[in-house]
Amino acid sequence: MSSSGCASKGRCSVLLNASGCLDALVAPDVARSLDAFVTKTVTPLPRDGNSPVRIAETDVGMLNSIGLANPGIDRFLTRSLPQLEKLGMPIWVSVGGFETDDYADICSRLDDHAAVSAIELNVSCPNVEAPVESAAQIVAAARLATRKPLWAKLAPAVPDIGEVAKAAQAAGADGLSVVNTIRGLKLDPRTLRPVLGPGQGGLSGPALKPIALAAVATCYRATSMPIVGMGGIRTGLDALEFVAVGAQHVAVGTTLFAQNTCSEQ
Ligand SMILES: Cc1cc2nc3c(=O)[nH]c(=O)nc-3n(C[C@H](O)[C@H](O)[C@H](O)COP(=O)(O)O)c2cc1C
């Protein structure tokens, strides 16, 4: 397993971007400052995403309802991946879908690409209709489709994330990415109508950190699996807290949108 697709506890520790929070082709220098780049979630067909407004700031973090806008796997493989390869860094591809076969098909198409060092299965996007199959069923299907390291990205808003983590492990995941955003709502104070086009969106940033820390601690206790911890990380101390509760790796997301990411240090 390549070092930055590493899924073995204690061997390596990497800094990643959170999926959907960095375009490596627009900001290659930022991408190169990471140990590996995680793509925006790729789906079988191209998606325009949700109707605007798709991003809103709140007092405690950010709401987004992007809705998995992406070029689809065909264009990703012919256009995006060759350009990403030129960055010369390990690439984790985030994979999404609406049924188990979507995930399995994309995983099998990524399997032969040497530049892809790991696959993150986004089984937890709050902004699109969730697949009817469970996270474990999706992981099991993906496992049959690829030899790449598989990281299951989990949602925080479930009754028992430890059980989901155990099921993903039993289904063949090599690691866990913890956590995706949690659904939130912002109202326009003048109209008392939702600010985001689709109404609700995924909350990320500082408000998510205590929830994410608890989720990482629970998943680590339940499985001892390698975990990419994320949710509101802005400083080195934030990252250290995730490592202290069991994360092997850490990812930064919303803070990459900030004007001055060092202002809190
Ligand atoms: C604008 C935006 C787009 C996102 N797109 C994706 C995505 O395509 N796939 C995914 O798995 N997570 C996506 N996420 C969730 C992040 O990867 C991450 O799990 C979450 O934002 C928590 O980390 P943070 O608080 O550091 O941002 C997105 C988050 C934001 C803010």
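This is a predicted model: local features need pLDDT of at least 70, side-chain atom pairs count only at pLDDT 80 or more; totals for chains, interfaces and linings use all residues.
1. Helix α3, covering residues 100-110, packs with helix α4, covering residues 135-145, at an angle of about 25 degrees, and their axes lie 8 Å apart. Because angles under 35 degrees count as roughly parallel, α3 is described as roughly parallel to α4. The crossing in which α3 passes α4 is right-handed.

2. The contact between these two helices is made on the α3 side by Thr100, Tyr103, Ala104, Cys107 and Ser108, and on the α4 side by Gln137, Ile138, Ala141, Ala142, Leu144 and Ala145. Sorted by class, this contact of α3 with α4 holds 8 nonpolar and 3 polar residues, with no charged residues.

3. As for burial within α3, its buried residues are Tyr103, Ala104, Ile106, Cys107, Arg109 and Leu110. Tyr103, Ala104 and Cys107 are buried, and they are also among the residues through which α3 makes its contact with α4. The elements that cover the buried residues of α3 include the helices α2 and α4, together with the strands β5 (91-95) and β6 (116-122).

4. Helix α4 also packs with helix α5, which spans residues 161-170, and here the angle is about 20 degrees, with the axes 8 Å apart. The two helices, α4 and α5, are therefore roughly parallel to each other, and α4 passes α5 in a right-handed crossing. The residues in contact are Ala135, Ala136 and Val139 of α4 and Val164, Ala167, Ala168 and Ala170 of α5. By class, this contact of α4 with α5 consists of 7 nonpolar residues, with no polar and no charged ones.

5. Asp74 lies in helix α2, which runs over residues 73-85, and α2 is one of the elements covering the buried residues of α3. Asp74 has 13 C-beta neighbours inside 10 Å and so counts as partly exposed, since a residue would need 20 or more to be buried and 12 or fewer to be exposed. Between Asp74 and Gln169 the separation is 95 residues in sequence and, from C-alpha to C-alpha, 29 Å in space.

Technical notes:
Residues are numbered from 1 along each chain as its sequence is written. Helices (H or I, at least four residues) and strands (E, at least two) are DSSP runs, numbered from the N terminus. Axes are lines fitted to C-alpha atoms, for helices over the stretch in contact, and angles run from 0 to 180 degrees between N-to-C directions. Angles under 35 degrees count as roughly parallel, over 145 as roughly antiparallel, 65 to 115 as roughly perpendicular and the rest as oblique. A crossing is left-handed if the near helix is turned anticlockwise from the far one by less than a right angle, and right-handed if clockwise. Two residues are in contact if their C-beta atoms, placed from the backbone, lie within 7 Å. Ala, Val, Leu, Ile, Met, Phe, Trp, Tyr, Cys and Pro count as nonpolar, Asp, Glu, Lys and Arg as charged, and the others, Gly among them, as polar.
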